[in-house]
Amino acid sequence: MLRIDFELTDELKREYIELLNSTKFGNGKNAKSVQDKYEEYELFSKEYTFEDIVTIEAHKINDLIEDVELRGIDNALLKEIFKYDGKFQPLIASFFEKHLNPRTCCYCNIDFINVYDEENNKNKFTLDHFIDKGRYPYLALSIFNLIPCCFVCNSKKIKGSIPFYEDVELKDTNPYLNSFNFDEKVKFKLHLNDNCKDLNIKSKDDIDIPLKERYSNEYDKYIEVFKLNERYQAHKDIVFEMLQNAELYPESRLKELQELTGIPYQEIKKDIFNLIEDNADLSKEPFSKLRKDMADELGFKKVGLA
Ligand SMILES: [Zn+2]
């Protein structure tokens, strides 16, 4: 639903690799890091350095898979090398907390996933392997294959082990991709029951808020997998409240309030409707996309809310 804007600088790459290498497998002198194991087996370490693999950019992942799969390497061996065990999860999660600081789930924008207990370093997010680590173990630790998301989206019922790479409709929906343009292409639409004339809505059951894509249907499968339409049904009250406010505060009323308070009516409107600035980062708050799209549907922008 929302693109993740994350720039992995050289410094961060170094920090990430150090973090991975801080975990050793085996005892005493024979203890090895994941990088040691990767380099020792020489499966494709001549073509791709350890850094290449774990920091590969999202748009290069498909090519890497094609190349590696051609080699027909035993999957069990790859799993042994790139073992994503319990030791890595908290380390990688803390790296994301520190440098990306995700606030809402990028797949659904429904839940906050920020750290809620600084002291004990507990967070509300889980790390989803965008491309299945069981089938493609060498991507288990690749940072742009790791998506901090909510537990619901990462659950068996939702994303689970759906083969994203194999599915042409899902393959290019990695949220780190520059080309991931769900927000621009897909909008929440406001549908009202036939008996609701002039936005005179009595209950949230009179409203429907389906996600619709303009001119194409590239994201149909994505919407289906994350059950976005079904899950947003439970949040129609947000839109109902916006509609009620629209009825209570028509332009004339807002202008009266401007007279009374001296505050520009655009400001008042923004507060009442909890409107989102044009270039705001939608990932900061849950339901930002819904609110923004609904404001467009209700024509709030046309009144010069710059
Ligand atoms: Zn989610």
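Let me begin with a term: a residue is called buried if 20 or more other C-beta atoms lie within 10 Å of its own, and exposed if 12 or fewer do. Please keep in mind that what you see here is a predicted model.

With that in hand, look at helix H11, residues 251–261, where the number of buried residues among the eleven is zero, so the helix lies largely in the open.

Next, the neighbouring contact. Two packed helices are described by the angle between their axes and the distance between the axes. For H11 and helix H12, residues 265–273, the axes come within 8 Å and cross at roughly 115 degrees, and the crossing is right-handed. On the H11 side the contact is made by Leu254, Lys255, Leu257 and Gln258, and on the H12 side by Tyr265, Ile268 and Lys269; by class, these are four nonpolar, one polar and two charged residues.

If we leave aside residues up to four places away in sequence, Cys150 touches Cys105, Cys108, Ile110, Asp111, Ile113 and Phe125.

Finally, I turn to Glu40, which sits in helix H2, residues 34–41. Is Glu40 buried or exposed? Glu40 counts as exposed, because it has 11 C-beta neighbours inside 10 Å. From Glu40 to Ser94 there are 54 residues in sequence and 28 Å in space, C-alpha to C-alpha.

Key
Residues numbered from 1 in each chain as written. Predicted model: local features only at pLDDT ≥ 70, side-chain atom pairs only at ≥ 80, totals over all residues. Helix = DSSP H or I, 4+ residues; strand = E, 2+ residues; numbered from the N terminus. Contact = placed C-beta atoms within 7 Å. Axes fitted to C-alpha atoms, helices over the stretch in contact; angles between N-to-C directions. Left-handed = near helix turned anticlockwise from the far one by under 90°. Nonpolar A, V, L, I, M, F, W, Y, C, P; charged D, E, K, R; others polar.
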